[in-house]
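Work through the exercises below with the predicted model open beside you.

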Amino acid sequence: MEIPPNMRLVALLGDPVQHSLSPRMHAAAFQACGLRWAYVAFRVRPEDLPEAVAGLRALGFAGANVTIPHKVAVLELLDELDASARRCGAANTLVFRTDGRSAGYNTDVAGMRRALAEAGVEVRGLHAVVLGAGGAARAACAALGEGKARRVVVLGRRRDTAQAVCARMRQEFPTTDFAALGFDPACVRAALQGADLVVNATPVGMHPRGEDSPVAEAAWLRPGQVVFDMVYNPLRTRLLQLARQAGARTVGGLSMLVHQGAEAFELWTGLSAPIDAMKRAVGLVHAEV
Ligand code: NAP
C-alpha cells in the first residue's frame, strides 16, 4: 500500500500489538470520513518508549494510541494531560499538536462507561471486582468511580500496585470504597463472591493464549453477575465461556474498543467518529458476546 508524503499518520505503540483490531477499525473510520490518514501499529519494548514517542513527534505524526504495557509509563513523556489521564494516572491516546506539544488523554474511561451503558449495566451502587492493576484497570476504576459504584476491589499480582491504584482512586472518587487484594486463586475466589460486576483488565486469555482465564472455574461465578472481559481477541474468551456456564451475563471487549477508539478519532481529527463503520470493521453486531 502506498503512503504518499501528504498523508496524516497515527501510530499504535504497544507490546504485543499483533492482537490489535485498532489498525483495521481506524482505517475504516478514516475511509468512511474520506480522510487521507493511515494508522500503523508498532511493537515497542518498554525501554524504547521514550525514543518511540520522540520519534513520532519528530516525524509529524498526528497522534497515537498507547496500549499494553505503556499506558502508565507514557505519562512522564508528555507535555500536557487532560483530566481523564490525570485522574487515572494512565493515558491511551496521544495528540501531537502543531505547536510541537504533546497531550495525553484516557479514552478508555469513556469507552468502558459507554460499553457498560450499551450493555444495560447501571453502575451506581454496584459492587465491582477489577482483575489487574495496570493501565486498563485504572481506567475501569475511574469509570466505576465516576458512575458512583459502591465498592471496587482491585486485584493485582503485586499487591502494592493494586494498593497504589486504590489510593489514587480514593482521592478522586471519595464516594466509592476502593480495596486492594492480591491475585492468588484464593483471593480471586473470595473477591468474586460478593461482586455484581467482574471486569478482566489483565491480558489473561488474549491471543495467542486463548485457553487461559483469570478465573479458574465457572463455580466461582454465579447467575446475576455481569462479567466484562476487556480482551476482545479471541471474541469468546475462556472467561466469558465460564461466565456463561455459570449463568452470568457477559460483555466482550469489542464495544469498549470501538467507543475508546471513537473518542480518540475525534481528538485526532476534530470530526465526529463514524461509529457504525467502526463497529462493522471489527465485526461488532451486539455489545453482548
Ligand atoms: P498493562 O498496563 O500491562 O496491565 C496489565 C495488568 O494485568 C497488570 O496489572 C499485570 O500485572 C496484570 N497481569 C498480566 N499478566 C497477568 C497474569 N498472568 N495474571 C494476573 N495478572 C496479570 O496492560 P493494560 O493496558 O492494562 O491492558 C490489559 C488488557 O486489557 C490487555 O489485554 C488489553 O488489550 C486490554 N484492553 C482492552 C481494551 C478495550 O478497548 N477492549 C482497552 C484497554 C485494554 P503486573 O503489573 O504484575 O505485570
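**Exercise 1.** Find the polar backbone atoms that lie within 3.5 Å of an N or O atom of the ligand, and state how much of the ligand's area the protein buries.

*Solution.* Take the nitrogen atoms of the ligand to begin with: one is 2.9 Å from a polar backbone atom of Met230, and a nitrogen atom of the ligand also lies 2.9 Å from a backbone N or O atom of Gly253. Turning to oxygen, an oxygen atom of the ligand is found 3.2 Å from a polar backbone atom of Gly134. As for the area, the ligand taken alone exposes 920 Å², and 83% of that is buried by the protein.

**Exercise 2.** Identify the pocket whose space the ligand takes, and characterise its volume and lining.

*Solution.* The space taken by the ligand is the largest pocket, for which the computed volume is about 1200 Å³. Its lining comprises 44 residues, and those nearest the centre of the pocket are Ile68, Ala136, Ala201, Thr202 and Pro203. Strand 3 (63-66), helix 5 and helix 9 are the elements that give two or more residues to this lining, with the largest share, three residues, again coming from helix 9. By class, the lining of the largest pocket has 21 nonpolar, 17 polar and six charged residues.

**Exercise 3.** Examine the backbone at Pro16, Pro69 and Lys148, and place each residue in its loop.

*Solution.* As a reference, most peptide bonds are trans, and most residues other than glycine have a negative phi. The bond from Asp15 to Pro16 is cis, with omega near 10°, and Pro16 sits in the loop between strand 1 (8-14) and helix 1 (22-32). The bond from Ile68 to Pro69 is likewise cis, with omega near 0°, and Pro69 belongs to the loop between strand 3 and strand 4 (80-81). Lys148, although not a glycine, has a positive phi of about 65°, and its place is the loop between helix 5 and strand 8 (151-156).

Terms used. Residues are numbered from 1 along each chain as its sequence is written. This is a predicted model: local features need pLDDT of at least 70, side-chain atom pairs count only at pLDDT 80 or more; totals for chains, interfaces and linings use all residues. Side-chain values use heavy atoms; hydrogens and water are left out. A polar contact is a pair of N or O atoms within 3.5 Å; within protein, one must be able to donate a hydrogen and the other to accept it, and residues adjacent in sequence count only if both atoms are side-chain atoms. Accessible areas come from the Shrake-Rupley method with a 1.4 Å probe; for residues, only the protein chains shown count as cover. On a 1 Å grid over the protein atoms alone, a cavity is a set of points where a 1.4 Å probe fits but cannot get out, and a pocket is an open set with protein on both sides within 12 Å along at least five of seven lines; lining residues have an atom within 4 Å of a point. A molecule sits in a cavity or pocket if more than half of its atoms lie within 2 Å of its grid points. Grid points are joined across faces, edges and corners, and a volume is the space filled by probe spheres set on the points. Helices (H or I, at least four residues) and strands (E, at least two) are DSSP runs, numbered from the N terminus. Ala, Val, Leu, Ile, Met, Phe, Trp, Tyr, Cys and Pro count as nonpolar, Asp, Glu, Lys and Arg as charged, and the others, Gly among them, as polar.
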